[in-house]
Amino acid sequence: MVVRMRIYKAEDRDHAGSDAVFYKLVKPVHERHGAQFLGRYRDEGGRVIVLWGYDSKEALDQIQAEVARDPETILNRQERMTSGLHGCAYEEFILHSTEPER
């Protein structure tokens, strides 16, 4: 499994609004295309950490491309952009398991 971790520097954002938009508009589209939602967390400083699981780096790339082309993603772009969900700086890490294969 490959994990994509994004850390959003969203200290001054409307967290309730962005949380609602994430769970209503973002999460379902990613899951529909095969991403495994692992969690969404906020630290004491207001940063938001989102974790997604994929079978491989290739699957991650394919799913991301499909999500970007999804009609629902395109239709809801403006709502995502104005909700505080998008448009803030983030760091992204692609994490590979250190567990030995069985």
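What follows is a chat about one predicted protein model.

User: What should I know before I start?
Analyst: This is a predicted model, where local features need pLDDT of at least 70, side-chain atom pairs count only at pLDDT 80 or more, and totals for chains, interfaces and linings use all residues. Residues are numbered from 1 along each chain as its sequence is written, and side-chain values use heavy atoms, with hydrogens and water left out.

User: OK, how many helices and strands are in the chain?
Analyst: The chain has 4 helices and 4 strands. Helices (H or I, at least four residues) and strands (E, at least two) are DSSP runs, numbered from the N terminus. Going along the sequence, the pattern reads β-α-β-β-α-α-α-β.

User: How much of the chain counts as buried?
Analyst: Of the 102 residues, 40% count as buried. Buried means under 20% relative accessible area, exposed means over 50%, and partly exposed is in between (1.4 Å probe, protein chains only).

User: Which residues of the largest nonpolar core touch the most other members?
Analyst: Those are Tyr 8, Phe 22, Ala 35, Val 50, Trp 52, Tyr 54 and Ile 63, out of 14 residues in that core. β1 (2-8), α1 (15-32), β3 (48-54) and α2 (57-69) each supply at least two residues of this core, and β3 gives the most, with 4 residues. Apart from it lies another core of 5 residues, including Val 3, Met 5, Ile 49 and Leu 51. A nonpolar core here is a set of buried Ala, Val, Leu, Ile, Met, Phe, Trp, Tyr and Cys residues joined through side-chain atoms within 4.5 Å.

User: What is Tyr 54 in contact with?
Analyst: Leaving aside its neighbours within four places in sequence, Tyr 54 is in contact with Met 1, Val 2, Arg 4, Ala 35, Ala 59, Leu 60, Ile 63 and Gln 64. Contact means heavy atoms within 4.5 Å.

User: Switching to α2, which of its residues are buried?
Analyst: Ala 59, Leu 60, Ile 63 and Val 67 are buried in α2. They cover an arc of only 100° around the axis, which puts them on the same side of α2. The arc is that of the directions from the helix axis to the C-beta atoms. As background, an α-helix has 3.6 residues a turn, so residues three or four places apart point the same way.

User: What about the face turned away, and what covers the buried residues?
Analyst: The face of α2 turned away from its buried side carries the exposed residues Glu 58 and Arg 69. The cover over the buried residues of α2 includes β1, α1, β3, α3 (71-75) and β4 (90-96).

User: Now Arg 40: where does it lie, and is it buried or exposed?
Analyst: Arg 40 lies in strand β2 (residues 36-42). At 15% relative accessibility, Arg 40 counts as buried.

User: What does its side chain make a polar contact with?
Analyst: The partner of Arg 40 is the side chain of Asp 19, at 2.4 Å. A polar contact is a pair of N or O atoms within 3.5 Å; within protein, one must be able to donate a hydrogen and the other to accept it, and residues adjacent in sequence count only if both atoms are side-chain atoms. Asp 19 is in helix α1, and a polar contact of 2.7 Å joins its side chain to that of Arg 42.

User: And Arg 6?
Analyst: Arg 6 lies in strand β1 and is buried, with a relative accessible area of 17%. The side chain of Arg 6 makes a polar contact with the side chain of Glu 92 (2.6 Å).

User: Last one: where is Ala 89, and what does it touch?
Analyst: Ala 89 lies in the loop between α4 (77-82) and β4, and is partly exposed, with a relative accessible area of 48%. Not counting residues up to four places away in sequence, Ala 89 touches Ile 7, Tyr 8 and Lys 9. The C-alpha atoms of Ala 89 and Lys 9 are separated by 5.6 Å, though these residues are 80 apart along the chain.
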